[in-house]
Amino acid sequence: VATGLVNNDTLSGALSTNAAQFSGVGTYGINQGTLANANYSITYTGADLSITPKAITVAADAQSKVYGDLNPSLTYMATGLVNNDTLTGALSTSAGQFSNVGTYAINQGTLANANYSITYTGADLSITPKAITVAADAQSKVYGDVNPSLTYVATGLVNNDTLTGALSTSAGQFSGVGTYAINQGSLSASSNYTVTYTGADLSITPKAITVAADAQSKVYGDVNPSLTYTATGLVNNDTLSGALSTSAGQFSGVGAYVINQGTLANANYTITYTGADLSVTPKPITVVADAQS
């Protein structure tokens, strides 16, 4: 505003400032520049050109990662930047490498530029479970023994994490000889993992025992005695089925007859058999001569 001009006079030239199109946010003096008229002496009162921040939008990109992996780069889309300007700083999140599975907000963090006012739209970093494998170890035991520890190899755990619970099997101490599956049971990982389980078997093998036949004897013509034995090593009140055998019959001649294992058995045992003999002895008789003349 020029005050004091007469005769419809005007001023020539123009005011000036050192601010340009892309000068940074701030206050710049407006100077008299070339403004003049030779017929006037000008007393100039300056003012300021204020440059305010330009409004832009920044939208974070949604991200995901697997538990235990390093965080991905937190990227964004900035709309409204001019003059090839860029933003300094970085987005942030509370999630770290070993943060639990879940969804974590991506925040503006230190992302800024003094020449812009940012309207920020956040997104999430999703952490998904890590895939691991668990392979049961094959086990074996002898019938009647306590079950061995059911062990396994877990591949893929990180951060010193461990599994909870235990493997299981339907086999007990006195389960019969055979093969029993080792199942995952209660063995599990935290929600930070998905488990792929590979089973194995617990093999129960026969228990070694000894059976010793008892020596027997009988008189020729008598019915055979019971063929008895002593079994050492049976457990769980088990008994043997079947019976010992011999080739001797009621009227087999005097002599020694081997007592064999016969059908004596139990599927849960391997028998080391020691035989004995059935001795057939002569039958006493009387002979009375007839009187003769």
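## Ground rules

Here, buried means under 20% relative accessible area, exposed means over 50%, and partly exposed lies in between (1.4 Å probe, protein chains only). This is a predicted model, where local features need pLDDT of at least 70 and side-chain atom pairs count only at pLDDT 80 or more, while totals for chains, interfaces and linings use all residues. Residues are numbered from 1 along each chain as its sequence is written, and side-chain values use heavy atoms, leaving out hydrogens and water.

## An exposed Phe and its patch

Let's start with Phe251, which is exposed at a relative accessible area of 57%. You'll find Phe251 in the loop between S21 and S22 (strands are DSSP runs of E, at least two residues, numbered from the N terminus).

Together with Tyr220 and Val254, Phe251 makes a nonpolar surface patch of about 310 Å². The areas come from the Shrake-Rupley method with a 1.4 Å probe.

## The four-stranded sheet

S21 and S22 belong to an open sheet of four strands, ordered S19-S24-S22-S21, with mixed pairing. Strand S19 (216-219) and strand S21 (245-246) sit at the edges with a single partner strand each, so one side of each has no neighbour in the sheet. Pairing takes at least two DSSP bridges between two strands.

S22 (residues 255-260) and S24 (residues 276-281) run antiparallel, joined by five bridges. Ile259 stands opposite Ala276 in S24.

## The three-stranded sheet

Another open sheet runs S1-S2-S3, with antiparallel pairing. Its edge strands are S1 (16-17) and S3 (47-51). Five bridges tie S2 (residues 26-31) to S3, and Thr27 stands opposite Ser50 in S3.

Terms used. Patch = residues over 30% accessible without salt bridge, like charges linked within 9 Å, V, L, I, M, F, W, Y side chains within 5 Å. Salt bridge = Lys/Arg side-chain N within 4 Å of Asp/Glu carboxyl O.
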